[in-house]
Structure formats: C-alpha cells, structure tokens
Amino acid sequence: MKPLLFLLCVASAFAADAPTLHPKASALPFTHQGPFVSTADGGVLCIDTHNTLRSDDEGRSWKTSTMFEGPAKFAVSNERALLRTREGVILSAWMNGAERQAPKTWHWGEKDVQWTDFILPTYSSRSTDDGKTWEKPVKLSDPWCGCIHSLIQMKSGRIVLVGQEIIPQWRHATVMWASDDLGKTWQRGDVLDYGIGAHDHAGSIEGSVIERKDGSLYLLLRTESGYLWEATSRDGLKWDGLKQTTIKSVTCCPQMARLADGRIALLWNPSELWITTMQGGLRMKINTADLGAGEIPVFVPPPKSVPKPGGIIMFGDSTTAPRGSVKVYAERVQTALQGIGSSLSVYNAGVPSNTTVQALKRLKQEVLAYKPRVVVMQFGINDSAVDVWRNPPMTAPRVSRDVFLENYRAMITATQKQGAKVILMTTNPLRWTSKLRELYGKPPYNADVEDGFEALNLVRYNEALRKLATELKVPLVDVHSAYPAFAAKNKATVEAMLTDGMHPGDLGHQLVAELLVPVIRDAVR
C-alpha cells in the first residue's frame, strides 16, 4: 500500500487523549502527527518540530533524521503542510516557532499594542531525496500566521499554498502563494478578507484548496459566520467570488482532497484513511471500504460509567468539566488520593455554561442519586455574567446575587440532608482577552482595567459565598484568593494560569487540586 495521507485539523471535536473510536476504525500504531506523504519506494514520511520521520512498515517503526543544519533557528509548527510532487520533490510549509514574537500577556487588539508586534513567520522547505536532506528554508512572510495545512500541485505543475496573516484590522486573512519551480521561489497572490471580527481567531482563515476537473481551483475557508466561505481561481494567485457557501461550519478548519474516482472528500487514501489531530491525541485509521454511502455509519457510544455510592462528585460548570488536553482538578484529585492509598472514587459532574439555577435542577438526578460521600460545588462565573453582547444588551447578571445564594443554600441543604459532606469553592479569577473584550468589553464592564471582567459582579458573588460558608459552617476552598500567590510561586501570572481569560489551564487546575485534597481528607475522616 502506498498511502496518500492528510492531516485532519480538529481543535476540539476529539478532546480526549484517548478518544472513543468508531467500531470500524482502529488506532494507528504511533503517536506522530500528520500530514504524511509516500516516498518513491513505498515508505511513509512525516515531519515534526526538527526532524524527518520515515516508516517502511506502515507506521510500526520509524527512523528519525535531522531536518535542519541549525536546529535552533527553526521549529516547525504543528499546523503544517506536506506534499510530494509528481517530480518527486517533497515540499513542506509551516510557521517557524523559533521566531515567534508576541506581547508577554498577549493583548491582541488592545491599546498601545501594534498588530506588527505579532510575528510568526511562514516558511517553505524542500527535499529532492525523499526527506534524507532538506534545502535551506525559504521565508514567505513575517506577520503572525495562525494556520498552514493546504498545499497542492496543479496539472500545470504550479504549486499552490494556502497561508494566512494577521492584518491591521486585528483578524486573520487568507494569503495565497504559488511556485512554478517546485518551491524554490514563490509568488504572493491575493489576500482574502471577508471583513468581520477583531480577535485572534477571527477572519477568513484556515483555507483548503483543490483543483477541479476543468483546471480551476476551489478554495474553502473557515469563518465565524456559521458557514464556510468559498472562492475560485484559474492560476492560484488571483481569486474571485469570495462568498458564503451553504456548508454549515463549526470553529474548525476544512480539509479537502480529491478521491481516485473524481469525488472530493475531506480525507482520502485509496483504501485507508489515517487521521491525526493537532490537539487531543487522536491517531486512527479506517478503511474506505467500511464507509457506507459516503459517510461513516452512525456510532452510538457506550454508556458513561455510573458513579458508585460513597464517592466524591465534583459539581460545577465548564471550569470543572473535562476540557481538551487540560488535566482538570477532578483527575488530579483522583490521582492524589490514589497516591495516598485512598479508595475513594472521583466523578466529574461539571457542565459548561451552568448557572446555579441549572445546577439546582440537575442536583437530584446527576449528583444525589449516586449517594456521594462528598460533593464539591463551584459555580458563579456564569451566574454573575452580564451578557452585554446580546441584542438588546442585558443590563443585569444572568442570576442575581440573592438568587445565587438561595440556590446554593438549597443545594447545600439537600446534599447534607442525604448525609453527604459539602465543600464549597470560590471561582478562579477572570482576565480580559481580545475575544472577551469583543464580547463583554462595554459598559457596565470596564475594559480598561486588568480585572475589569470580574470586578463588576464576580468578586461580590465570591465574597457572598465566603459569608455563606461561614454561616452554614461548610468548608470553603478559596481558589480565587489563592491565584496571585500561586502564580508568583510558579513564576507565572494570573493570565498565564488561564487558557482564555476564563478557564483554568493545567497550572490553574493544579492549584485547585493542591488546595482541595487536604480539605477532602478532613471531610472524610
């Protein structure tokens, strides 16, 4: 088999490190991320940050060779493209992480920051000996590029690369490149901007291109409009007809390829698909013969495991719930308890976007029904939010502070009545990001101060929770207050402990676990 393999760029659809596969699929025998190309002698080749990786046994074993003479100067991004031309030249395109520059705390689109302060250059490199050696990389552009993944050769021999760059309007736009000498030199083509958005994932971005039977090129672009957008070209440089398609989209990049029978698909191998993701650890293969009527048969996942009586349930919103590759505090607490010989099981009952109103409604069925020994509760960010982005804008929190406290009181009473111990937690802090400023950066919020997103309401909701814990003599883990000192101890900032200004990253969840474990141990003595 000589597989022609493509990278599927999925940011969140496969969030778990060990995702559940379709029954017809099987895991690949390696962890390397695509894309992959076939070599002249039937091997498989891919690249990573600094190396070329080659397999002659369909991925069971790999040989590694250095890609660059000066490896410190170059670091290939996860977002990358790979192509073997009809002439046998292997071309790669990627962003150079070794030259990455951005303001220390990001500040995309903020005052006193220039769009030119964001640098993540785009490069191309080529090999004429099936990846044994590579020529010196060629820089295509300096501005920040968010994604590279589509590179094709036209019937004419022209190479077409889909790139993107930050533009002065504080979003990305698609930039097209073409080469007529197999990647030695490149021409810059049109910039495609659909004109909407002003944050680091806004714009017309993450494009994928194919050549149609008539020799024209067809381009699909990710946008935030809810639909993919399209454009066409005869030469790969000049593009026309940028418009919305009828293809509904999620916040993920499309990836097109042409099947041997002439149809266009997102992924293709003559007999087998190899699919890897930049995030989430998915490495799988599936035979095309098992794809019925052009689509994967509907798969019903196995039922979730039911919590055993006497366990610990983490009851919260998206700051509690599983979140991609982040190791959340429920997992960390389970590991810590096992490390000290505890047999207590930990279950995660976090649901994104939950307020205490929704939490109270699901408490009986999703928490108390399992007769837990300890219930850890953490809510408040969603309750305190004033949705100024709505039309018309909201002027009050989703849940008033009084109702927030009533709901908490009711949840605590019901849980204790069943005999379980309750532990309360304040929320993590909030910090502005360009996306949050776009949504919430208007009165009554103050977008000009660092903590302006939480200062309006969340600080008072947390203070009210502290007083409630004291009144009811319920243990409270003060996550919010612990953030600054923990950040300083780890030579970080509060912002660095959050993935997007709202949700804790690994360091944030580490803090929660460290605070929570001793309180749980006291509760179960």
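# Briefing: a predicted protein model

Of the 525 residues of the protein, 52% count as buried (buried means under 20% relative accessible area, exposed over 50%, and partly exposed in between, with a 1.4 Å probe and protein chains only). This is a predicted model, in which local features need pLDDT of at least 70 and side-chain atom pairs count only at pLDDT 80 or more, while totals for chains, interfaces and linings use all residues. Residues are numbered from 1 along each chain as its sequence is written, and side-chain values use heavy atoms, with hydrogens and water left out.

**Overall**

- The protein has nine helices and 26 strands (DSSP runs numbered from the N terminus: helices are H or I with at least four residues, strands are E with at least two).
- Among contacts between residues at least 6 apart in sequence, 61% join residues at least 24 apart (contact means heavy atoms within 4.5 Å).

**The largest nonpolar core**

- A nonpolar core is a set of buried Ala, Val, Leu, Ile, Met, Phe, Trp, Tyr and Cys residues joined through side-chain atoms within 4.5 Å.
- The largest one has 31 residues, and Ile312, Met314, Val333, Val376, Ile423, Met425 and Leu516 touch the most other members.
- At least two residues of this core come from each of strand 22 (312-316), helix 1 (329-339), strand 24 (374-378), strand 25 (421-425), helix 8 (479-489) and helix 9 (506-524).
- Helix 9 gives the most to this core, with eight residues.
- Leucine 516 is in contact with Met314, Tyr329, Val333, Val376, Ile423, Met425 and Val477, leaving aside its neighbours within four places in sequence.

**Helix 8**

- Val479, His480, Ala482, Tyr483, Phe486 and Ala487 are the buried residues of helix 8.
- These residues cover an arc of only 140° around the axis, so they sit on the same side of helix 8 (the arc is that of the directions from the helix axis to the C-beta atoms).
- An α-helix has 3.6 residues a turn, so residues three or four places apart point the same way.
- Ala485, Ala488 and Lys489 are exposed on the other side of helix 8.
- The buried residues pack against strand 24, strand 25, helix 6 (452-455), helix 7 (458-472), strand 26 (476-477) and helix 9.
- Just after helix 8, lysine 491 takes a positive phi of about 50°.

**Aromatic pairs**

- The structure holds 25 aromatic pairs (rings of Phe, Tyr and Trp, the last by its six-membered ring, pair if their centres lie within 6.5 Å; planes under 30 degrees apart count as stacked, over 60 as edge-to-face and the rest as tilted).
- The rings of tyrosine 440 and tyrosine 445 have centres 5.7 Å apart and planes at 85°, so this pair is edge-to-face.
- Tyrosine 440 also forms a tilted pair with phenylalanine 453, at 5.0 Å centre to centre and 45° between the planes.
- Tyrosine 440 lies in helix 5 (residues 434-440) and phenylalanine 453 in helix 6, so the pair ties together parts that are 13 residues apart in sequence.
- Tyrosine 440 is buried, with a relative accessible area of 6%, and phenylalanine 453 is buried at 5%.
- Trp106, Trp108, Phe118, Trp144 and Trp170 form one aromatic cluster.

**Two buried residues in strands**

- Arginine 54 lies in strand 4 (residues 51-55) and is buried, with a relative accessible area of 17%.
- The side chain of arginine 54 makes a polar contact with the side chain of aspartate 56 (2.9 Å) (a polar contact is a pair of N or O atoms within 3.5 Å; within protein, one must be able to donate a hydrogen and the other to accept it, and residues adjacent in sequence count only if both atoms are side-chain atoms).
- Tryptophan 239 lies in strand 17 (residues 239-248) and counts as buried at 6% relative accessibility.
- The backbone oxygen of glycine 236 lies 2.9 Å from a polar atom of the tryptophan 239 side chain.

**Backbone details in loops**

- A cis peptide bond joins glycine 34 and proline 35, with omega about 5°; proline 35 is in the loop between strand 1 (25-27) and strand 2 (37-38).
- Another cis peptide bond joins asparagine 391 and proline 392, with omega about 0°.
- Lysine 473 has a positive phi of about 55° although it is not a glycine, and it is exposed, with a relative accessible area of 74%.
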